[in-house]
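Hi,

Here is the structure I promised to pass on. Have a look at it first, then read my notes below.

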Amino acid sequence: MRLVLITIGDQTQRTGGYLYHHRITRWAPTFGASVKSVSFPDLPFPLPFLGAAKVLWETLRARPHAVLLDSLAAAYLAPFIGLIKKMVPVIPIVHQPPGGVDHRSLSARVLRWLDTQVYQSVPAIIACSPLLADDLKRSGLGQRIEVAEPGKDLPETSFQPAPNLRQGRRIALLCVANWSPVKDILSLLEAFSTLDDSIATLHLVGEENLQTEYGREVMARVQRPDLKDRTLVHGSVSPTDLPRFYESSDLFVLTSLGESYGMVYAEAMSSGLPIVGWRRGNLPFLVEHHREGWLVERGDLREFAKAIQTLALDPDLRLKLSQAATERSAHLPFWEDTTQRILEIVQDVIHR
């Protein structure tokens, strides 16, 4: 079975939807399928439309049995969806609500409208979480919505020694997230700043995005005297190095305003890390409050800091949550399972 995946931007990225697609492409041959990626240019809206002719030509030239459509690219295929679906089934893989989460004002409304035109005209939609599937159903989008949750990777082995992330403090906190407003890193830093200096060392892993105003604000906050000596910025790290951070940390902390799934939470739990985060998005579906972690209402910085301090000072409670996180992660799918699920949906659409 030949498939084309239409997405947007740099396919070398290994976060979020990019990681999802990379793993599906990697595992597809195991099930007798191949996935060819075709991308719109990663440019500000509406410039990706300039790549439409190239995307259509490369897609049809590949003569696929079906097209998988990344939700990031759905809007840019909308004007051509009627043409392409006459020749081949189009199945969106949706990682975000229509219109996305990072857009504002007019562009958000236009993208939402374009996404909706696509989702209402396709034979099936694959959502990356039950939460997102329910949201799409409530919005009346799509006649058939299936769920294929992201998988998890087998632990990668690193021959480098585990770093000392505590650095003389009680615990090490790990946050893995690119610096964008939806990740709400500034709230995490403000909550962390209220803790005594002896409690924890915070490690920030992810793209700093210093070309953006938000990225520069985060860096400026990190460099202030109350955080500078206990907050370490590591930037993007390779997939081989990332497991060392998970294995050497004590808690995973992230103040994201809404993850459609939250692959980093699943990765952290696979390493036995309790989670502290906002009670938002898909996190309550992954983590039970006071079982695998500590869920805090959005914006309650005092409670967020209290959660960190309590777990830092109570190693027995931390161990209990760690064991529960490991147990919960054992029931999450591997990427092989996710790929098989997607291909089963595609096969069913093709043969209907």
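Predicted model: local features only at pLDDT ≥ 70, side-chain atom pairs only at ≥ 80, totals over all residues.

Is Y76 buried or exposed? At 4% relative accessibility, Y76 counts as buried, where buried means under 20% relative accessible area, exposed over 50% and partly exposed in between (1.4 Å probe, protein chains only).

Residues are numbered from 1 along each chain as its sequence is written, and side-chain values use heavy atoms, with hydrogens and water left out.

Now the aromatic rings. Searching the whole structure turns up seven aromatic pairs; rings of Phe, Tyr and Trp (its six-membered ring) pair if their centres lie within 6.5 Å, and planes under 30 degrees apart count as stacked, over 60 as edge-to-face and the rest as tilted. One of them is Y20 with W335: the ring centres are 5.6 Å apart and the planes at 90°, so this pair is edge-to-face. Y20 is buried at 0% relative accessible area, and W335 is buried at 2%.

Back to Y76: its ring and that of F45 have centres 6.3 Å apart and planes at 45°, so they make a tilted pair. F45 is partly exposed, at 29% relative accessibility. Ring pairs also join F40, F45, F49 and Y76 into a cluster.

Cheers
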